[in-house]
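Keep the sequence and the model side by side. The walk below goes from chain A as a whole to its parts, and then to chain B.

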Amino acid sequence: MSREITLDNVSKFYGEVLGVNRVNLAIPAGITSLVGPNGAGKTTLMNLMTGLVQPTRGTIRILGYSTDEPEKLFQLVGYSTQFDSFPKGLTGYQFIYLYLRLFGYDTEKADDLAWRAIERANLTEAAHRKVAGYSKGMRQRIRLAQSLAHNPRVLILDEPLNGLDPLARAEMIAMFRSLAADGCHVIISSHILHEVDIISDQVILLSNGYVVAEGQIQDVRNEIREQPAQILIRCDSQRQLASKLIESGLAIEVRMHQDGHGLLIKTADADHFYLALNQLVDGGIDIESVIPADDDVNSVYEYLIGTEGAAV
Amino acid sequence: MTRTWLAQIVAVIRLELKKTFFAKRGLWIYLLALMPLALFVAHAVNVGYRNGVRERLAAHNQKPLTYQDLASISTGMSREEVIQRLGKPPSAYSWDEQRQDESGPARLVVHETYNYTDGTSELHIRLEDGTVAGTELGQSENLGESTVIFAGVFQFFYLRLAIFFGCLGIFMNLFRGELLDKSLHFYFLAPIRRDVLMVAKYLAGLLAATVIFVTSEALQFMALCWSFDPNLRNSYLYHGHGFAHLAAYLGITALAAIGYGSLFLAAGLWVRNPILPAAAILIWEALNPFLPSVLQKISVIYYLKSLCPVEIPAAPGTPPLFALLISSPEPIPAPVAILGVILVSIAILFVSSRRVRRMEINYTTE
């Protein structure tokens with residue numbers, strides 16, 4: 001069995017409207033975030049990976065399986081969609097239990113797995129209430145429970161943290177990390193970039209149906225050569241260091257950080273800067289910390305796509 | 001693999017049955033199915049009431065009467081002759097009328113109505129000025145006539161309208177309804193082959209349609225039999241064709257659900273508005289007798305009509321077009337008809353399965 005999720009030259013058009021175009025991806029295990037503004041193609045990409053929509057062009061393999069083999073695919077894949085609708089008249093427990101019966105599990109196993117998933121989603125007390133009466137957060141959690149119930153190796157979650165309170169968000173993030181640590185693929189779409197920063201092992205940046213960058217966020221940042229790197233240096237002699245940096249030509253721009261306790265430096269070559277910095281301060285200045293200031297998703301997204309998606 | 005499929009099919013049927021049987025939007029299907037039942041129950045109650053009236057009337061006869069006695073009364077006989085043959089009427093009414101003749105002055109006409117019965121048949125005699133002006137002899141229950149009426153209701157209402165539209169409501173919603181409810185993706189995210197899912201949904205719809213319409217048909221037949229005199233009922237059921245007719249009607253009902261079910265399931269996969277395919281199929285089925293022989297075979301009603309156990313005779317003077325509609329011009333053997341419906345359904349389901357496999361979830365376009 002392949003260990004990767006691969007999309008080979010995948011395009012999807014809804015009539016004349018572009019969903020995604022020429023997507024080539026190889027997604028390894030771990031937490032991968034799909035990042036982009038509304039309409040970037042995140043949900044389309046997830047729907048393509050789960051066979052809910054068919055690619056106009058290209059091929060998709062999920063751990064070696066084609067998306068038009070649901071009987072094999074969904075033994076391995078769980079998908080929590082953004083569709084906020086449920087089969088009518090079912091309680092939370094029935095919703096999960098009957099879904100598990102579709103796997104062909106006997107009553108005992110389906111019951112056992114259903115309760116485990118419900119406990120994981122912290123919905124035990126509400127399990128016998130109708131889903132129609134659930135709050136938005138509870139509906140989000142029951143969808144997560146459903147996608148997790150059969151212990152999939154690939155978990156695809158469309159905006160999974162929407163509607164959750166801070167405690168539930170923290171619990172969910174911990175659970176995603178634990179699943180990733182176990183070797184699962186956890187693919188999350190989000191437009192909340194600071195959350196993506198916290199949880200992702202790698203990101204896929206999307207804009208207008210195109211993948212504009214992919215990989216670990218630092219690697220992606222390093223590849224953006226045309227944008228000078230921003231580095232925050234905290235030290236005891238800020239004025240002295242600033243003048244040395246300008247004189248040496250290492251920095252294009254030096255300014256005080258907004259908190260007044262550090263220098264925010266822009267440099268064209270970050271690698272060279274780090275090497276030269278040690279010689280520059282040798283003996284005279286006590287450096288407290290050197291931190292990259294723009295290798296977060298927000299900055300990378302702003303550099304690559306503009307301000308439309310890098311807001312939150 | 002087969003075991004898993006079976007388990008999955010059972011799981012889908014369980015989910016679907018709850019939706020089909022208890023959905024508010026399916027209430028009209030029950031009403032359609034129960035409409036003819038209400039008709040036959042009302043008829044049976046009326047017959048029972050009239051039998052009671054007849055029995056009470058017969059108890060007041062001056063002498064025992066036979067059907068022949070009742071039939072011997074004819075127009076022109078005098079009141080005395082009638083009373084001599086049948087005795088004093090157990091029920092009689094009279095009234096006067098001032099009649100203006102063209103030739104002379106107004107004169108008083110005495111009208112009388114005498115009702116006699118032998119317990120099963122009724123004779124109404126109309127007398128004017130002591131002379132029989134008209135008679136009406138009716139039997140309590142005519143087996144032949146009743147079974148033809150039952151066959152007529154079955155063919156022209158139950159089969160062509162009630163089951164047809166009932167199947168439309170049940171089977172078109174199997175996929176279309178879930179798209180409208182935005183809940184189809186739950187099935188598509190389970191490890192179940194799409195064609196197995198389609199078969200499971202079809203079987204669930206078939207089970208629901210069969211239970212609803214076969215039960216109603218059986219109850220209609222019971223109501224029909226209930227209206228018969230006990231002797232007539234026993235003779236029809238145990239010595240006549242009663243049970244064979246019942247089996248045929250139930251079988252045709254189930255076959256109709258199989259045929260129309262597959263048609264409407266397919267229509268739900270291709271068309272968004274159910275009115276259009278329903279109208280098209282209804283017109284196609286209605287035009288069936290007028291179509292060339294080859295085209296006739298591509299319909300459900302063609303096979304079902306051949307299986308109907310009671311032929312409905314065209315009354316004298318029926319317009320040729322209508323006579324053609326109710327006749328079965330080219331009867332086909334029952335096994336061929338049954339196989340025909342099943343094969344047409346399998347062919348439709350096969351084509352539908354190809355469609356389901358390529359189906360996409362895109363609720364925004366619904």
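Two residues are in contact if their C-beta atoms, placed from the backbone, lie within 7 Å. The model to which this is applied is predicted. Among contacts in chain A between residues at least 6 apart in sequence, 68% join residues at least 24 apart. Chain A has 312 residues, and 43% are buried. Its C-alpha trace spans about 75 × 45 × 35 Å along the principal axes. The chain holds 11 helices and 14 strands.

Take helix H5 of chain A, residues 136–148. At 1.5 Å a residue, its 13 residues should span 18 Å. The end C-alpha atoms are 19 Å apart, which agrees. H5(A) is mostly covered, with 10 of its 13 residues buried. Among them are the charged pair Arg141(A) and Arg143(A). Ile142(A), Leu144(A), Ala145(A) and Leu148(A) are also buried. What do the buried residues of H5(A) pack against? Three of the partners are helices: H3 (92–101), H4 (107–120) and H6 (166–181) of chain A. Strands S6 (77–80) and S7 (154–158) of chain A complete the list.

Next comes strand S9 of chain A, residues 202–207. Of its 6 residues, 5 are buried, so S9(A) is largely enclosed by the rest of the structure. Strand S3 (residues 30–35) of chain A pairs with S9(A) in the parallel sense, over 4 bridges. There Val35(A) stands opposite Leu205(A). Strand S10 (residues 210–215) of chain A pairs with S9(A) too, but in the antiparallel sense and over 5 bridges. In that pairing, Ser207(A) has Tyr210(A) as its bridge partner. S9(A) and S10(A) form a hairpin with 2 residues between them. In the turn, Asn208(A) has a positive phi of about 50°.

Further along chain A lies an open sheet of 4 strands, in the order S12-S13-S11-S14. The pairing is antiparallel. Which strands lie at the edges? They are S12 (253–256) and S14 (287–292) of chain A, each pairing on one side only. From one strand to the next, the twist averages 20°. Strands S11 (residues 229–235) and S13 (residues 263–267) of chain A are joined by 5 bridges. Ile233(A) stands opposite Leu263(A) in S13(A). Helix H9 (residues 238–248) of chain A packs on the sheet and touches S11, S12 and S13 of chain A. The direction of H9(A) makes about 10° with that of S13(A). Helix H10 (residues 270–281) of chain A lies across S11, S13 and S14 of chain A. H10(A) runs at about 20° to S11(A).

Now turn to chain B. Chain B is divided into domain 1 (2–50 + 142–365) and domain 2 (55–139). The centres of these two domains, taken over C-alpha atoms, are separated by 49 Å.

Last is the contact between the chains. How many residues does each chain bring? Chain B brings 26 residues and chain A brings 25 residues. On the side of chain B that touches chain A, helix H1 (2–22) and helix H7 (184–188) of chain B each supply at least two residues. The largest share of that side, 8 residues, comes from H1(B). The residues of the chain B side divide into 12 nonpolar, 5 polar and 9 charged.

How values were computed
Residues are numbered from 1 along each chain as its sequence is written. Chains are lettered from A and ligands numbered from 1 in the order in which they are written. This is a predicted model: local features need pLDDT of at least 70, side-chain atom pairs count only at pLDDT 80 or more; totals for chains, interfaces and linings use all residues. A residue is buried if 20 or more other C-beta atoms lie within 10 Å of its own, exposed if 12 or fewer, and partly exposed in between; C-beta atoms are placed from the backbone. The expected span of a helix is 1.5 Å times one less than its number of residues. Domain bounds come from an automatic or database domain assignment. Two strands pair if DSSP finds at least two bridges between them. Axes are lines fitted to C-alpha atoms, for helices over the stretch in contact, and angles run from 0 to 180 degrees between N-to-C directions.
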